[in-house]
Amino acid sequence: MARKKKNNSKKLISTIITVIFLIIVAILSQNEQIKDLYIINNIKNQIISSVDESEDRLKTIVVGSGDIESEDNLRVFYIDVGQADSILIENKGETILIDAGNNEDGKNVVEFIKSKGVTELNYVIGTHPHEDHIGGLDDVINNIEIDNIFLPQIQTTTKTYQDVLEAIKNKDKKINSLKKGDKFKIGDAEFEVMTESILNKSNLNLSSNIIRMEFEGISFLFTGDAETENERTIKWIQTDILKVGHHGSTTSTSQKFLNQIKPQYAIISVGENNDYNHPNKKIMQRLENIGAKIFRTDESGTIEVIVTK
């Protein structure tokens with residue numbers, strides 16, 4: 001009889017704990033300010049977590065088990081600029097901006113940069129002269145102090161491009177061009193230009209350099225709109241996080257390229273319900289077959305990757 005009472009007590013305690021847990025979950029689920037943090041994968045024996053912040057349309061991927069709030073961490077923001085590209089990278093107070101979206105995105109890109117406490121950009125890179133990559137650059141140049149500006153040697157006569165040149169001239173800045181083998185740093189993040197800019201006025205995408213970044217053993221590739229012709233110019237090594245080229249178009253992200261880099265994560269900057277049907281189903285299938293976890297700005301909004309120190 002005593003044993004039966006003991007068992008009943010255990011069941012009662014278990015029931016009470018379950019009810020309390022369900023009440024807490026119900027309360028939290030109604031609070032949109034709560035971040036949903038969970039482990040989603042492992043990369044080189046480090047923890048990767050995903051944090052959803054629905055109100056701000058922000059998805060944060062955390063690589064490493066260090067303090068997420070440390071100022072020594074690397075932060076990479078794939079800014080949601082619709083069918084366009086803009087990436088802000090920060091470490092130890094130093095920054096790089098790669099592209100700045102369309103013309104109408106300029107103000108938002110400037111506001112985003114300033115919202116992160118950035119008052120000066122050490123490097124600004126316009127990958128190639130298409131409007132969806134350099135459209136907002138004139139706003140950035142006009143409103144934020146910049147140390148170094150990089151554009152491909154190829155030029156166009158579009159108003160978008162001329163606006164960028166005028167902004168550079170008004171700030172009395174010099175334009176430089178990247179070449180294969182160039183290396184530079186921000187904080188502890190190291191960058192190397194992996195490919196040459198292919199100068200072809202009939203296809204400006206080819207003027208995109210592919211840039212590799214490494215931090216704490218984690219590697220990134222930033223591709224702009226580089227195409228298969230760019231990808232096949234060198235033999236690649238494994239890379240952890242890939243910014244998928246040309247918004248997921250079939251002109252980029254060849255199977256041979258993927259077989260060499262074997263990315264664990266693929267990030268696609270793309271507009272919702274865009275006219276180009278990007279990302280292409282074939283590219284999505286290639287990424288899935290290679291085992292990459294895919295994130296898209298049209299689904300998640302701005303995507304932040306934090307690599308902890």
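This is a predicted model: local features need pLDDT of at least 70, side-chain atom pairs count only at pLDDT 80 or more; totals for chains, interfaces and linings use all residues.
View A. Thr 302 has a relative accessible area of 9% and is buried. A polar atom of the Thr 302 side chain is 3.0 Å from the backbone nitrogen of Asp 80. Beyond the neighbours within four places in sequence, the contacts of Thr 302 are Arg 57, Leu 58, Lys 59, Tyr 78, Ile 79, Asp 80 and Phe 112.

**View B. The aromatic pair of Phe 77 and Phe 112.** The whole structure holds eight aromatic pairs. One of them joins Phe 77 and Phe 112 in an edge-to-face arrangement, with 5.4 Å from centre to centre and 75 degrees between the planes. Phe 77 is part of strand 4 (residues 74-78) and Phe 112 is part of helix 2 (residues 106-115), so the pair ties together parts 35 residues apart in sequence. Phe 77 and Phe 112 are both buried.

**View C. The stacked pair of Tyr 123 and Phe 150.** The rings of Tyr 123 and Phe 150 are stacked, with centres 6.2 Å apart and planes at 25 degrees. This pair links distant parts of the chain, with Tyr 123 in strand 7 (residues 120-125) and Phe 150 in strand 8 (residues 145-150), 27 residues apart. Both residues of the pair, Tyr 123 and Phe 150, are buried. Ring pairs also bring in Phe 184 and Phe 191, giving a cluster of Tyr 123, Phe 150, Phe 184 and Phe 191.

**View D. Tyr 161 in helix 5.** Helix 5 runs over residues 159-170 and includes Tyr 161. The relative accessible area of Tyr 161 is 3%, so this residue is buried. Away from its neighbours within four places in sequence, Tyr 161 is in contact with Pro 129, Ile 134, Leu 151, Ile 154, Gln 155 and Thr 156. His 128 is 33 residues from Tyr 161 in sequence, and the two C-alpha atoms are 9.9 Å apart in space.

**View E. The two sides of helix 8.** Helix 8 spans residues 281-290, and its buried residues are Ile 283, Met 284 and Leu 287. Looking down the axis of helix 8, these buried residues fall within an arc of 100 degrees, so they line one face of the helix. An α-helix has 3.6 residues a turn, so residues three or four places apart point the same way. The exposed residues Lys 281, Lys 282 and Asn 289 are on the face of helix 8 turned away from the buried side. The buried residues of helix 8 are covered by elements including helix 7 (255-261), strand 15 (265-268) and strand 16 (293-296).

View F. At the start of helix 8, the backbone nitrogen of Lys 282 has a side-chain oxygen of Asn 280 within 2.8 Å. Just after the helix, Gly 291 has a positive phi of about 95 degrees. Pro 279 is in the loop between strand 15 and helix 8. The peptide bond that leads from His 278 to Pro 279 is cis, and its omega is near -5 degrees.

View G. Most residues other than glycine have a negative phi. Asp 99 has a positive phi, near 70 degrees, and sits in the loop between strand 6 (94-98) and helix 2. With a relative accessibility of 1%, Asp 99 counts as buried. His 246 also has a positive phi, near 55 degrees, and its place is the loop between strand 14 (241-243) and helix 7. The relative accessibility of His 246 is 14%, under the 20% cut-off, so His 246 counts as buried.

View H. In soluble globular proteins, nonpolar side chains tend to be buried together. The largest nonpolar core here has 31 residues, and the members that touch the most others are Val 76, Tyr 78, Ile 89, Phe 191, Phe 220, Phe 222 and Val 305. Another core, apart from the largest one, has 26 residues, among them Ala 84, Ile 144, Leu 151 and Val 164.

Key: Residues are numbered from 1 along each chain as its sequence is written. Side-chain values use heavy atoms; hydrogens and water are left out. Buried means under 20% relative accessible area, exposed over 50%, partly exposed in between (1.4 Å probe, protein chains only). A polar contact is a pair of N or O atoms within 3.5 Å; within protein, one must be able to donate a hydrogen and the other to accept it, and residues adjacent in sequence count only if both atoms are side-chain atoms. Contact means heavy atoms within 4.5 Å. Rings of Phe, Tyr and Trp (its six-membered ring) pair if their centres lie within 6.5 Å; planes under 30 degrees apart count as stacked, over 60 as edge-to-face and the rest as tilted. Helices (H or I, at least four residues) and strands (E, at least two) are DSSP runs, numbered from the N terminus. The arc is that of the directions from the helix axis to the C-beta atoms. A nonpolar core is a set of buried Ala, Val, Leu, Ile, Met, Phe, Trp, Tyr and Cys residues joined through side-chain atoms within 4.5 Å.
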